Amino acid sequence: MGCFLTQSDVDRIQKEIIHRFGYNMQNSNVVTIDFEQFIELFWNYRSHSQLSLDSLQSAFNNVFENEANKENSKEQFLQILQKNGDKMSREELMNCLQSLTGYKRAELMRLLPKHMDTAFFTKYILGLTQQNEN
């Protein structure tokens, strides 16, 4: 839906879909909604503030500043992503990174730099660039 949802956000959306549109259930596991209902959900759960690349880079730096060991190694980067915010297993994290980058796990581990920095994270993991970059 154009934003980075947490697992708790996804859970709230699922509960709302079942609560509001459950009457459209075809079986016990499937709820159908039409386009107008989807737009209504999108409107309710869209990001209300635009995230700038500078604020994203600042947040990335703050996460590493809060860690005692500031080496920004690949392993430390992966551990921080696993333990901060919504907790996830290494497998879940790797699935997310695979979805973001399009690389398979082995390729991804080989391509991640030895020392992670904001430029690599924003450009190659999230796929974000400054507007004047092409």
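Modeller: Let's begin with Phe60, Phe77 and Phe121, which ring pairs link into a cluster. A pair here means Phe, Tyr or Trp rings (for Trp, the six-membered one) with centres within 6.5 Å; planes under 30 degrees apart are stacked, over 60 edge-to-face, and the rest tilted. That rule gives 4 aromatic pairs. In one of them, phenylalanine 77 and phenylalanine 121 have ring centres 5.6 Å apart and planes at 70°, so they sit edge-to-face. Phenylalanine 77 belongs to helix H4 (residues 74–83) and phenylalanine 121 to helix H7 (residues 118–125), so this pair ties together parts 44 residues apart in sequence. Helices are DSSP runs (H or I, at least four residues), and strands (E) need at least two; both are numbered from the N terminus.

A quick word on the ground rules: this is a predicted model, where local features need pLDDT of at least 70 and side-chain atom pairs 80 or more, while totals for chains, interfaces and linings use all residues. Residues are numbered from 1 along each chain as its sequence is written, and side-chain values use heavy atoms, leaving out hydrogens and water.

Back to H4. Phenylalanine 77 and phenylalanine 121 are both buried, meaning under 20% relative accessible area; exposed is over 50%, and partly exposed is in between (1.4 Å probe, protein chains only). After H4 comes glycine 85, with a positive phi near 70°.

H4 also has a charged link. Glutamate 75 and arginine 90 meet through their side chains in a salt bridge, 2.6 Å from N to O. Because glutamate 75 lies in H4 and arginine 90 in helix H5 (residues 90–101), this pair joins parts 15 residues apart in sequence. A salt bridge needs a side-chain nitrogen of Lys or Arg within 4 Å of a carboxyl oxygen of Asp or Glu. Glutamate 75 is partly exposed at 36%, and arginine 90 is partly exposed at 22%.

The whole structure has 2 salt bridges. Glutamate 91 and arginine 105 form one too, with their closest N and O atoms 2.8 Å apart. Here glutamate 91 is in H5 and arginine 105 in helix H6 (residues 105–111), so parts 14 residues apart in sequence are tied together. Glutamate 91 is partly exposed at 45%, and arginine 105 is partly exposed at 32%.
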